Amino acid sequence: RMNISGTVVLSVLVGETGRVEDVRTVREAGGKMGLTQAAQKAVRLWTFRPAVKNGVNVKTWMTIPIPFVL
């Protein structure tokens, strides 16, 4: 509605269960109104397949770009 676009880049800590444990902003979408908050809110609802090391699920940080396109 507001003709806003850009890409928010987040660093996401995925826990052993695949749930998001922490979200940090790497890059905002040019300071656009609410895009960073919207991206963080959405990612916190996601579930991932956890990383595996030596057959055991482990926590890991992932970098995720979230594009907002008209």
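Q: How many aromatic pairs does the structure hold, and what makes the pair of Trp-46 and Phe-48 count as tilted?
A: In this predicted model there is 1 aromatic pair. Trp-46 and Phe-48 form it, with 6.0 Å from centre to centre and 55 degrees between the planes. Ring centres have to lie within 6.5 Å to pair, and planes under 30 degrees apart are stacked while those over 60 are edge-to-face, so the angle of 55 degrees leaves the word tilted.

Q: Why is Phe-48 called buried, and why is Trp-46 called partly exposed?
A: Phe-48 has a relative accessibility of 17%, and because buried means under 20%, Phe-48 counts as buried. Trp-46 has a relative accessible area of 35%, which lies between that cut-off and the 50% above which a residue is exposed, so Trp-46 is partly exposed.

Q: Which residues does Phe-48 touch, leaving out those up to four places away in sequence?
A: Phe-48 touches Val-12, Val-14, Thr-17, Gly-18, Val-20, Met-62 and Ile-64. One of these, Gly-18, belongs to the hairpin of S1 and S2, which has 5 residues between the strands, and Gly-18 takes a positive phi near 95 degrees there.

Q: What is the order of the strands in the open sheet, and which are its edge strands?
A: The sheet has 3 strands in the order S2-S1-S5, with antiparallel pairing. Strand S2 (20-27) and strand S5 (60-68) are the edge strands, since each pairs on one side only. From one strand to the next the twist averages 30 degrees.

Q: How do you know what joins strand S1 to S2?
A: Two strands pair if there are at least two bridges between them, and 6 bridges join S1 (residues 6-14) to S2, so the two count as paired, running antiparallel. Within this pairing Val-12 stands opposite Val-23, and Leu-13 stands opposite Asp-22.

Q: Where does helix H1 lie, and which of its residues are buried?
A: Helix H1 (residues 35-44) lies across S1, S2 and S5, and runs at about 35 degrees to S1. Its buried residues are Leu-35, Thr-36, Ala-39 and Val-43. They cover an arc of only 100 degrees around the axis, which means that they sit on the same side of H1. S1, S2 and S5 are among what covers these buried residues, whereas the face turned away from the buried side carries the exposed residues Gln-37 and Lys-41.

Q: Which residues have the most contacts inside the largest nonpolar core, and what supplies this core?
A: The core has 13 residues, and those with the most contacts inside it are Val-8, Leu-10, Val-12, Val-20, Val-43, Phe-48 and Ile-66. S1, S2, H1 and S5 each supply at least two of its residues, and the largest share, 4 residues, comes from S1.

Q: What makes the phi of Asn-54 worth a remark, and is Asn-54 buried or exposed?
A: Asn-54 has a positive phi of about 55 degrees although it is not a glycine. Most residues other than glycine have a negative phi. Asn-54 is found in the loop between strand S3 (51-53) and strand S4 (56-58). Its relative accessibility is 76%, and because exposed means over 50%, Asn-54 counts as exposed.

Notes: Residues are numbered from 1 along each chain as its sequence is written. This is a predicted model: local features need pLDDT of at least 70, side-chain atom pairs count only at pLDDT 80 or more; totals for chains, interfaces and linings use all residues. Side-chain values use heavy atoms; hydrogens and water are left out. Axes are lines fitted to C-alpha atoms, for helices over the stretch in contact, and angles run from 0 to 180 degrees between N-to-C directions. Contact means heavy atoms within 4.5 Å. Buried means under 20% relative accessible area, exposed over 50%, partly exposed in between (1.4 Å probe, protein chains only). The arc is that of the directions from the helix axis to the C-beta atoms. A nonpolar core is a set of buried Ala, Val, Leu, Ile, Met, Phe, Trp, Tyr and Cys residues joined through side-chain atoms within 4.5 Å.
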